[in-house]
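Trainee: I have a new model open. Can you walk me through parts of it?
Mentor: Go ahead and show it.

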Protein chains: 2
Amino acid sequence: MIQTHAVRLFTERGYDATTVADVAEAAGVSPMTVYRHFPTKEDLVLVDQRVQLVAEQITATSALQPLVRRIGSALVDSAKALTGGGSGNDLTANEQFLLARLRLMISTPALRAKHLDNNYALQQAIVDALGDDGTDPDTAFHAHAAASACLAAMHTALVRWAEDDGRTELPDLIAKALAAAFGDGIADTDPDK
Amino acid sequence: MIQTHAVRLFTERGYDATTVADVAEAAGVSPMTVYRHFPTKEDLVLVDQRVQLVAEQITATSALQPLVRRIGSALVDSAKALTGGGSGNDLTANEQFLLARLRLMISTPALRAKHLDNNYALQQAIVDALGDDGTDPDTAFHAHAAASACLAAMHTALVRWAEDDGRTELPDLIAKALAAAFGDGIADTDPDK
DNA sequence: ACCGCAGTGGTAGTCACTAACAGTTTGGTA
DNA sequence: TACCAAACTGTTAGTGACTACCACTGCGGT
């Protein structure tokens, strides 16, 4: 509830021009309560990264495939879970809310910075999930390079998705971004296609 | 001078535990003076991105090459300018200072986030320099995906460089990171090698 | 009626950062 | 030397995010 009011106020008046006290008042609670649920003002907007989910998808992929393919397909699949499968044409309320938060995130430096740093944390989780045992620094370096590049491509897809107002399916956009960066074919999700 | 004291204090006591007033006192100036030279506390540490330089290198590359190759070679070249050419074995004072700031940047969330956002601004400049006229949204999307992935690989190289205490040449590490992400051969700088 | 406990609120403080104003130093000019 | 303008520095008084600490309320179980 607090989050809903926050995103609405931030969108209407701007992020910087809206204080946490404003959000608290709109939600009918005290500023203290806001801080109890959301450790920082930025967390009122930022999208849950689902680190756990992505990591599980990574371990589920075949270790025989190239790194960017393993990571890419995991990201595409997690995007499906995020948008709810993407069945019909109309956007669900969940997707609308996601879009509103993404638009704030893109246009507000503080939010954008924190989101990019969250992506960096996700990168660490991906490298861990890839099964890097830490013995070979070159292997870890390779994994970090691949993971960071894949996540950067995904971020580009997120921005494009928000600019498109969600008209294109997010998983498809991510696959397109991966293909644009790494070349066609590397990021196909379903081999039976 | 202010910056030198700031990095030293941040390294000794920690970034969060050091106030801007502390930095000002160590530098023998008032807190206001610090804010006049560095708009935010983070700017006391962050590395100059040299957006202009990278953009010029991009326009100097052949438009016939693949995007990641154009961007990659520009990033490798700008890294040479940043570290000062990398001639001898010993680290220059400039490189030492760069290393200290990088270490802070990697370990401090606020600094890391802002640096990643600076990279995002650099991405915009790279896309602009690539000559995207904005008419075709797919072309722009392609350029953004490639640029973001290249910058992510470069960031990975920066982290590795700091972990290595600068023992490996930074431009070489960036080339290695690009090769790890995009495949060998795509990021070679000098064709005559 | 009693206890524990999760959720909520108040108070006071720290610190990054800003705006408005005032004093000082510096470099160029007559 | 005298002078002026511009750059530099300092003071004060704020705003707002965020924290630590303590008190209060409702609520199910014994």
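Trainee: What covers the buried residues of α4(A)?
Mentor: The cover includes α5 (67–83) and α7 (109–129) of chain A, where contact means heavy atoms within 4.5 Å. Helices are DSSP runs (H or I, at least four residues), numbered from the N terminus. This is a predicted model: local features need pLDDT of at least 70, side-chain atom pairs count only at pLDDT 80 or more, and totals for chains, interfaces and linings use all residues. Residues are numbered from 1 along each chain as its sequence is written, chains are lettered from A and ligands numbered from 1 in the order in which they are written, and side-chain values use heavy atoms, leaving out hydrogens and water.

Trainee: And which residues of α4(A) are buried?
Mentor: Val54(A), Ala55(A) and Ile58(A), in a helix that runs over residues 51–60. Buried means under 20% relative accessible area, exposed over 50% (1.4 Å probe, protein chains only).

Trainee: Why do they line one face?
Mentor: Seen down the axis of α4(A), they fall within an arc of 100°, so they share one face. The arc is taken from the directions from the helix axis to the C-beta atoms. On the other side, Gln52(A) and Ala60(A) are exposed.

Trainee: Which element gives the largest share of the surface near DNA strand D?
Mentor: α3(B), with 4 residues.

Definitions and conventions
Helices (H or I, at least four residues) and strands (E, at least two) are DSSP runs, numbered from the N terminus.
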